[in-house]
Every structure is written in C-alpha cells, then in structure tokens.
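Visitor: Could you take me through this model one topic at a time, giving the cut-offs behind each term as we go?

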Amino acid sequence: MPVAVANHSHRPTTKVSHKPFKSKAASKHELRDRAKGRVPSERGQRKTPHQQVMSKFDRRNQAKQARLTKHKEHLKDTSVFSGKDGAPRVVAVVPLCADGDATTAIKQLNDSLDIEANVQEGNFRVSVDRFKQKLQYVPLQRDLSTCLDAARVADFVVIILSAHEEVDSLGELILRSIESQGMSTLFTLVQGLDKVEPAKQRTATVGSLKSFITHFHPEQEKVYSLDSRQECSNLMRSLCNTTPKGVRWRDDRSWMLAEDVKFATNESEPTIITGVVRGRGLKADRLVQIGDLGAYQIEKIMAAPLPKFAKKGEDMSIEDTDKTLEEPSEDRDDLNELAPEDVVMDADDDAAIITEPAPKKGVLLDEHHYFTDEDEEEKKIKKKVPKGTSSYQSAWYLDDVSDSGSDMEDIEMDDEKDQNEEIGAEDGIEGYAQPEPTEASPSEYPQSEMMDVPDENEDAQQLAQFRSRKRDEAEDDKEFPDEIELHPNVLARERLARYRGLKSLRTSPWQEDEDRAYEPEEWKRLLQIPDYNSSRSRAVREALVGGVAPGTRVHIYIRGVAPSVAASYKPSSPVTLFSLLRHENKKTSLNYLFNLSTDYGKSVKSKEEIIAQCGPRRMVIKPIFSHPGSTPNDVHKFCRYLHPGQSAIAAFMGPVTWGAVPVVFFKRTAVGSTNADGEEDIGLTLIGSGTALPPSTSRVVAKRIILTGHPYHIHKKIVTVRYMFFNREDVEWFKALPLWTRRGRTGFVKEPLGTHGYFKATFDGRINPQDAVGVSLYKRMWPRSATPIQGPLLETAAGFAGQRQDQTEDVTME
C-alpha cells in the first residue's frame, strides 16, 4: 500500500510580518490614523486647571457663593418695595373688551384677601397686610394714550379678557402697542366666566382665551378667573411676591407715576407733582418729560413722606415735610434745542469769505465738474521726462525720452489741439471700454455716419408710442422703480440741477459743498455727536450716581408749566414723569429702524405723516426712508415707498434718545372707513415697530433717478441713443456720466448728434436691440423736523384724508 503524500504549498510571500510597534508616546499623526475619524466624547472633562484641582468641598462652596450672589441681586431688585416706607408696586389694569370693567376687577381682587378699600377713579394705594406689601392700582378705560402711559410706568400689567365678547380691533391695537413699546411682567384675567352656560363649556372658553393670549405672549401659562376667589388670591400673591421683569430703557432713567398734581395759577408759580421716585436717582439738574406736555426744568425737590400713625392715644405725626432734598446747581441743563446762532456764525466766518464759484458747464461726477472752463484751459497730457524737469524745460522734449521710466516722472503739459482726449475715471469704472483710438491710427468704427433724424411730428408720435409700451412693461416686471420721464419741452440741465452722478453708490465720495445751498436752516445748529458710543456711556453712567434715592416720596416743583394745561387735565388719566439724560433735549438728525408690519398690508410713502413713540416721547414725523446697513462713504439710497414686510431707516430731525429704545409707529386713518379685513377703522392703525439707532448728521440719503433711452441705431459697440434727452445742450451737460443697460453693459457718451437729443455712445460690447440704456443721477434728501403731538392719539379724523393728500404730496421730481 502506497504511503500517503503530504500536502505541499508555497508560501504566499517572502515578507515577514513583525509585531506592530506599541508606542506609549505616539505622534499626532499616528493617533489620528488610529482614531480613523472617530471624535472622542468631551463630556465630563474638566478644561481649566481650576476645575481639575477643585475638590468636592470647593465645588459646594462655589455653588453656595453663586446662590448667595443671586439672592443679593434679588434683594437689590426688590429692596425698593421692602419696609414700611417702601414704594408700592404699580399695577395697571387694562380691559381689552368692550364689556371689561377695571374697577370691578380690582374690587374682586381686594375682596379675595378681605381688603376693604374704596376703588377710586384715578390711581390709588392699597396695603396688603398678609404679604406686607403695597399695591398702587391704575384702573384704565379703553383709551390708547392712557393705556400706553400707564404701561410705561407699571411694574405689572393685568389685562382683562371677556368670556362673552371677542377682542375687537381697538383691544388688539392696545395689546400690540403695549407689547411693542416694552412692558414689564404680564398677567391675564378673564371676567364673566361663571355666566357661561352650560358649565362644561367654561373649560373650552378658558382654553380659547389662553390660545389667544399665547399668540402674543407665549410665556403666559395661566389665565386667572375673576369669579374664583382662590385664583384671585393666587394672583394677589403673585403681584406681591414676584420680582418685576422691568423695562431696559426705563431702568436707565428716573421715572415716576404722579399721585397728585397741583397746577400753577400763573406762570410765575411752580407746578407741584407728588409721587415716588423709581428707577435711578432723581437729579434736579436734569430736565423732566411730563407726559405729552414737554420737557421742563426742576426748581427743587422736597420730601413728601406719608403720615405715620403713632401709638394709641397720640396724634399722628408728619416728619421732614419741609426738607429740601435737592436743588439745581450750575451744571443745570437748559431748554435750548439748537445751538446758539452766534456760535454757528463764528464757525462759518471763513466760509462766508469764500467767493462764489464760477459757473459750471457739466454735471458733478463724484468730486469733479467735467467739461468746465478750467478743464479746457488745464487739459493736459502726460509725458515722461527726467526727474526735476520743469514745465518750461519739458516743452523741449518732443517725445518720451525713455521707455523704462526708471528715472522719469510724469509731467503734465498743455495741449490745446487735442480736443478728443478720453476722460477716464481716476479709480476706474467697472465695465468701461478701452479709450477710443486717436486720429493717428485707423479706427475699426466709421468716423461719421449719416444721421436720419425724423421730423418733429413723427418724432413726437414715436416717443408717445415708445413710452406707452414701456409703461406697460414697468407694470409687469417693475425692473426700474426709480425711472422717470422728462417732457420734451423741459430742459434736463435745469430740471435736474441738484442731481449729480456717482461712479459707485457705495464707495464714491459725496461732495457736500454742492448741498450747502439746500440744507435746512437749523442744520448747522443741530447737535453733533462724533462718538456716539462714548457719549451714550457717559450719559448713562452719570445717572448711576447721585440724586434722590429711589423709593422716596417727593414733591417736585416744576417751573414753566402753563396754567392753561390744568383745563385739559383728567384725574382718571395717569400723569407720568421721566427724567431725561444729559443732552436728551437737544435736536439732531435721528435714525430709527422701521419694520413695517405685514398685518398692515399697505405701502408707506416717504415724507408721509406718521406718529412715532420713542420712550417717553410721542411725535408727529414725516420721515425719509433709506436702505439699512453701513457703507464706506456713508451714502444710502432713498426709498420712495416701504412695502409690507420690509425694513428701512426712517430719518428726521428731533430730540436725541440715548440707547436702543423701542419705537412704535402709528398712522391716522379716516374714522368709519373699512380696512382690508372688512372691519371699521377706529382712526389709528399700528403700522410697525423699530428701534432707535445712533443719530448722525453725516449720513447722506441719496435719492436716485434713472433716465432711460432707446437704442436707435447699433453698429458693433457704437450705439445711437434717443429719447433720453431732447436737445443738444443736455447731452453736453450730462455726457460725463457713465451709461449702463438693463443687461449689464456699461459705456459712455461719445458725441451728440443733431439738435433733438440724439447721441452716440460706446459700450464694452454689443447690446441687444431690445435693451434699454440708462443713466443714474443722485440728489441728497434732507430730513424734516418732528413736532410734538398734542392731545390723545385716538381722536376724530374727519377730513384727515384730504389734508393728508395735501401734506404728503410728493412729486417724483422734487
């Protein structure tokens, strides 16, 4: 039997596989290869050395310190309410429905804690002994002005909803306005819930009301029922124990809700306002804003403590009633809104001596008037000559001495014969064509063409037909919102005398000397703020120190209040007082960010009358809109209209307000008309909100207009354009401006043709016969001055529509 043969095979390779080297100190490259893209979890790793060496005892100590710090901040926020002489918590009660009653709601809240107090018409105090706090109720009617005033100074805003009626347009306007101006902590009440039948529908009613309020304020977790004693008691506990959220812009100033007002009988006597100081310390040197009455000076501040009840058998005593807490010093603010005229005149002495410039022959492009007499006299060419060569010596060099230019410098020499020299931009214009060839070398374009100009009647008919077709296209695509059309009998150089050209709207410098003749009279007297952030910080920090301490009840003696104001005073309307920061009464060019609400559904035109509320002030403004953002040259394009959902900068002249204060914008409407939703207008509409931005008098708002023409004859890159101008002189005046087309081509005017405004233009490429040639012109728009509002916001607007058309009529060519 044969022996079994063992299986045999060759080795697959001669390489010997060694064990991998296990290094404890691998390189970063090796560690990255080992990880194969996996990222280690960093949870639980201590980053700083302090955390690495911190023991369990140290971590407990750190948590304890954080807890104590937070407790101290809480005590600081609520210290103004603590103690027997603490300030009361201001509670504004706002009914949103027609059947809402603020006085009944306040009475039910007091009854839940067995508080016996007479509900008065104006604001009044109530002492809550159970929680050792004091509440100051402000019962309100459904009036927009009083609700806004009360919500500005309220620690808590309590709104009342109805279980039977929906919130109408007025109630929604009040709610949106209070929310937009900034408010503190909010609570929601429902009235008349026990009258809902059957009883099982009450839960659904509360759920519906909660859905409504969370649409505006998602943080609202509960809707309290006035018909439940337990829920009223819980609301009173929240009012007494909750720390108010506060309002940022209000906390930087001193403010007060007036408890009593004694108006002066004549102009020499002061008006006395009594209340509790809140916010920052009240200083007698600063001006105060009293409601819509305006800004006034403080004569003195005196203590006004409440009477204290002594022990049984003794009479109550009043201490320190005649103590003067603060009087104005030499650093007192004045009421002047503008700088004195003599200061402005001294600064402009040099400008008055300057003689009037010579008349120009061309439009202003950036910083230069082209085609003037000076240019014709000083038109020069450059020649390379050795360094140090004078203008007289350079005339003896007939040509360039050398091509290297290493020892050469550019000397300009007069040449009266060269009249067709190319005029290029100093920094270059994107898309500009190459300079046209001189007469020494032949051109690829014909030197002259036969011009077939139609007669006047035929030309007029063609122009009317062309413009009617173009107007239909503008309605379809609206590609040229700034386009205008000149009448053939109007001289463009006279109608557009204030306009100029810019090579770039973002980077080209704006020559301000040309605008001096058109600026408002008070423009040079406005407040100049070179460094806004530094000035704002200085004014805010100054309010942190000194003044009458918050929580002190005082009598404020105001000088200058007219006795006639007493006739319009209503005890039911709250009177608010805000201390202005330094310079906040000075007038300057203001910039407000304006976010047009999408709920408004209409476009707002520039220079249209709008009511703006910024902080403690309400003004009637006619703003000019411009694009937001920052540009290198601080020039921004003017917006004729602001469409729903868009944002713009609203510029006007008014008193400065330090900080990013919220702004609310209203617009008056005709009472009784029907709005877009089919509801009847109440006379006022909330159209948007915004924020106060840094003011600036150097910010230029440039209005752009576009003159368009039609390509009449096209030969390669040379195009004959018509319908842009209608006489030869206008072409000569505006020929320095760069041309552009709808499809992105750029060019320049080569020469005028004939006497009907036709001209020959050179572009950087062939243009389409269906294309349109345009030229852009810019003019500076000046902001208009604001006027303080007088009277309530909601008032009869009969005849307002016709008056608004007269006031806001804006001709496209201003």
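Guide: Buried means under 20% relative accessible area, exposed over 50%, and partly exposed in between, with a 1.4 Å probe and protein chains only. This is a predicted model, in which local features need pLDDT of at least 70 and side-chain atom pairs count only at pLDDT 80 or more, while totals for chains, interfaces and linings use all residues. Residues are numbered from 1 along each chain as its sequence is written, and side-chain values use heavy atoms, with hydrogens and water left out.

Visitor: Is lysine 716 buried, exposed or partly exposed?
Guide: Lysine 716 lies in the loop between β30 (700-715) and β31, where strands (E, at least two residues) and helices (H or I, at least four) are DSSP runs numbered from the N terminus. Its phi is positive, about 55 degrees, although lysine 716 is not a glycine. Because its relative accessible area is 37%, lysine 716 is partly exposed.

Visitor: What is the phi of aspartate 634?
Guide: Aspartate 634 is in the loop between β24 (624-626) and β25 (635-639), and at 25% relative accessibility it counts as partly exposed. Most residues other than glycine have a negative phi. Aspartate 634, a residue other than glycine, has a positive value, near 60 degrees.

Visitor: How many residues apart in sequence are the parts that the pair of phenylalanine 725 and phenylalanine 759 ties together?
Guide: The structure holds 14 aromatic pairs, counted where ring centres of Phe, Tyr and Trp (its six-membered ring) lie within 6.5 Å, with planes under 30 degrees apart called stacked, over 60 edge-to-face and the rest tilted. Phenylalanine 725 and phenylalanine 759 form a tilted pair, at 6.2 Å centre to centre and 50 degrees between the planes. Phenylalanine 725 lies in the loop between β31 (718-722) and α17 (728-734) and phenylalanine 759 in strand β34 (residues 758-763), so the parts tied together are 34 residues apart.

Visitor: How far is the charged end of arginine 500 from the ring centre of tryptophan 510?
Guide: A charge sits over a ring if NZ of Lys or CZ of Arg is within 6 Å of the ring centre and within 35 degrees of the ring normal. Lysine 222 lies over the face of tyrosine 224 at 5.7 Å. For arginine 500 over tryptophan 510, the distance is 4.0 Å.
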